[in-house]
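Grab a pencil and work through these exercises with the model open beside you. Try each task before you read its solution.

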Amino acid sequence: MSTTKNAEGGRWQSGMNKGKCTCTKTQCLKLYCECFSGGKYCNDDCVCASCNNSQEHDVEGGARYDAIAYILFRKPDAFDEETRKRIVPKDPKTRVVAGKKSGDKVPISAGKTKGKCGRPKKNANQARIELVAAKHEAIEFSTDEYPQLAVDQHGDYSDLAGAFTKPLFEEPSRPLEIAYSQQTKMEYQKKIAQQKKADMAKECKQLREKLQEKKLALSLANDEIKECNKKLGTWTRKVFDLELEEPCEWNTNYQKLSAYKELHGKLPSKKSQDAEEKSLSVWLDTVRHEKNEEDDDEKKGSRTKRTIDDYPHRQQSLEVLGISFGRRRDETFEAMLQKLVEYKEEHGTLRFPSDEQCEKSKNLELQSLQKWVKSQVVNFRSRKMSPDAIRQLKEIGFSFEKWCLSKPKRTSKKKGSTKQEETDEGTDVTENVVV
């Protein structure tokens, strides 16, 4: 049965107009009764049994009146405003029930004079023990006064925690009465701990359920992001393609470059006599130069202008034509390094003849290799060589420290004598080389 809140006071009202009451065991005095919860009396259309939801029971002391009063005590907004004004809420603990034999009404809180086994009413001592248990307070004591109450602090009797059911003696001695109270207190504390455990277990269950809900929501969000990325990428690709077709100087040069590469199978050269080819080569070098400058600015943290990195589709379109924007190693370095390796394999050393000997040999390749090696030493000492180049030279056994650079001759006069000192700087001496 569905219920809704009205706009007046948040009162719960059932869908009573949609059906009829069919209660058989509750005398139509529960909120799940459509007529009762709707503030209406049962009528001839209802098929309920033992119904008390009628006008004759809706007077003070009547079954319907008291049922509403008890419900209002627990749920103040259970009925409409008129009913709440008419009936004063009552505490359910003061509810009365019919006597079993006489039919008289007696308060539930009064209890029974005899137990289930017909035993007489408990004596004063037992009542006092139960009162202490009800308050969950232990009787204070001193082991000096009651040495028999001293407990074994080292023993573990956890297996007896659930063994006690009820006191054996109704009129215990004072020490046993104190022990009863202490045992009751511990039992109460155990129940509190068990309730805490149950509450924490319930909370953990709720958190697990909530975690599962959040995981599901996270998974759905990830799926949504993937779908958005897919659509975003599709439209980005479309935008890039259309941008490359827009009329502008860059796109015009790119189209000319693409047509040249397709026609000749190579990139344009600056040494060409054709003006258009030379112009394309200059434009391509400009694009590469801007890319390298941009990389340097990013390393320094001083990038100020937008270049090809801001338009990855332009860079990608040029890379398709075989154009690389990374800082490539000097092809001359690679070629000369290979010649140096071959020289070492042929002579078994990296020792070079002197400049004069190289000139007399008239071996242009040897002279070129010697000059290149000396230029690498100069670059190394002036810290202009890249770490990668240094690593490659050292891997083949090249040592920069064993090279001597000759200095121009100068004279220095000392008292009583004149002496010329030769220093090595300015001109390389090739006798001192790496072995």
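A residue is called buried under 20% relative accessible area, exposed over 50%, and partly exposed in between (1.4 Å probe, protein chains only). One heads-up: this is a predicted model, where local features need pLDDT of at least 70, side-chain atom pairs count only at pLDDT 80 or more, and totals for chains, interfaces and linings use all residues. Residues are numbered from 1 along each chain as its sequence is written, and side-chain values use heavy atoms, with hydrogens and water left out.

**Exercise 1.** Find out whether glutamine 27 and serine 50 are buried, partly exposed or exposed, and look up the phi of each.

Step 1: Glutamine 27 sits in the loop between strand 2 (12–14) and helix 1 (34–37); helices (H or I, at least four residues) and strands (E, at least two) are DSSP runs, numbered from the N terminus.
Step 2: Its relative accessible area is 35%, so glutamine 27 is partly exposed.
Step 3: Serine 50 belongs to the loop between helix 1 and helix 2 (63–74). With 56% relative accessible area, serine 50 counts as exposed.
Step 4: Now phi: glutamine 27 has a value near 60°, and serine 50 has one near 55°. Both are positive values in a residue other than glycine. Most residues other than glycine have a negative phi.

**Exercise 2.** Work out how helix 6 and helix 8 run relative to each other, and which residues meet.

Step 1: The axes of helix 6 (residues 249–264) and helix 8 (residues 312–320) come within 11 Å and cross at roughly 15°. Axes are lines fitted to C-alpha atoms, for helices over the stretch in contact, and angles run from 0 to 180 degrees between N-to-C directions.
Step 2: Therefore helix 6 is roughly parallel to helix 8 (angles under 35 degrees count as roughly parallel).
Step 3: From helix 6, Trp250, Asn251, Tyr254 and Leu257 meet Arg314, Ser317 and Leu318 of helix 8. Contact means heavy atoms within 4.5 Å.

**Exercise 3.** Which residues have the most contacts inside the largest nonpolar core?

Step 1: A nonpolar core is a set of buried Ala, Val, Leu, Ile, Met, Phe, Trp, Tyr and Cys residues joined through side-chain atoms within 4.5 Å.
Step 2: The largest one has 20 residues, and Leu340, Leu369, Trp372, Leu393 and Phe398 have the most contacts inside it.
Step 3: Helix 9 (331–347), helix 11 (364–381) and helix 12 (387–395) each give two or more residues to this core.

Key. Angles under 35 degrees count as roughly parallel, over 145 as roughly antiparallel, 65 to 115 as roughly perpendicular and the rest as oblique.
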